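Reader: Could you take me through a structure slowly, feature by feature, giving the general idea before the particular case?

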Amino acid sequence: MALTKVQGEGITGMTINANNQITKSTIPAFFVYNSTNNWISNVSSGTLIQFNTAKFNLGSHFNLSNYKFTAPIAGLYQFNVRIYVNNDAGDNAWGIAINDTIYNHSNAAYPLFGDLASPGNGNDQGTDCSHCLNLSANDTVSCMSMNNNTDYFGTMTSMSGYLVG
């Protein structure tokens, strides 16, 4: 006997086909970016990085108005962030915040999930991070500037995430 569908209340949540491939129809997932085709300059510390456009937003759990993802259920979630920063303004630092608090360790100036780009070579830089976070239902996840004068390029800045399980 082979399991082919997991259903509840008229909704199919998972299907296993004859080749043992699993598909999930209702997994929360998103890919968002900023639609501004220019630099967003002098962003203050504590200000959210603005992701105002979605390539996709399955389940609508990423809010394009407040720039936050809200976990619909408890579980492990994978997040990926890319920010293109301008290094002429000094250090550019950003971090991931869970419930509006930067996810860090004993030194709050250094996030566990984020980046500090220093202007050592004067070139702009793309910074990328990827982490799996253990969230409770209704936890929010956002990306926040950690330094004053952070500059980032809108259309080259993106965030994605999905429920692992």
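Predicted model: local features only at pLDDT ≥ 70, side-chain atom pairs only at ≥ 80, totals over all residues.

Reader: How many aromatic pairs does the structure hold?

Author: The general idea is to look for ring centres that lie within 6.5 Å and then to consider the angle between the ring planes. In this structure there are nine aromatic pairs. One of them joins Phe30 and Phe69, whose ring centres are 5.3 Å apart and whose planes are at 25° to each other; the pair counts as stacked because planes under 30 degrees apart are classed in that way.

Reader: Which parts of the chain does the pair of Phe30 and Phe69 tie together?

Author: Phe30 belongs to strand 4, residues 29–33, and Phe69 to strand 8, residues 68–70, so the pair links parts that are 39 residues apart in sequence. Phe30 has a relative accessible area of 2% and is buried, and Phe69, with a relative accessibility of 2%, is buried as well. Both residues also belong to one aromatic cluster, made up of Phe30, Phe51, Phe62, Phe69, Tyr77 and Phe79.

Reader: Is Thr26 buried or exposed, and where does Thr26 lie?

Author: Thr26 sits in the loop between strand 3, residues 22–24, and strand 4, and it counts as exposed because its relative accessibility is 52%, where the cut-off is over 50%. Sequence separation and spatial separation should be read side by side here, for Thr26 and Leu58 are 32 residues apart in sequence, while their C-alpha atoms are 7.6 Å apart in space.

Reader: Which residues make the nonpolar surface patch?

Author: A patch of this kind is built from nonpolar side chains on residues with over 30% relative accessible area. Here Leu76, Tyr162 and Val164 make a nonpolar surface patch of about 240 Å². Val164, which lies in the segment after strand 16, residues 158–163, has a relative accessible area of 39% and is therefore partly exposed.

Note on methods:
Residues numbered from 1 in each chain as written. Heavy atoms only, no water. Phe/Tyr/Trp six-rings, centres within 6.5 Å; stacked < 30°, edge-to-face > 60°. Helix = DSSP H or I, 4+ residues; strand = E, 2+ residues; numbered from the N terminus. Buried < 20%, exposed > 50% of the residue type's maximum accessible area, 1.4 Å probe, protein only. Patch = residues over 30% accessible without salt bridge, like charges linked within 9 Å, V, L, I, M, F, W, Y side chains within 5 Å. Areas by Shrake-Rupley, 256 points an atom, 1.4 Å probe, with all protein chains shown as cover. Salt bridge = Lys/Arg side-chain N within 4 Å of Asp/Glu carboxyl O.
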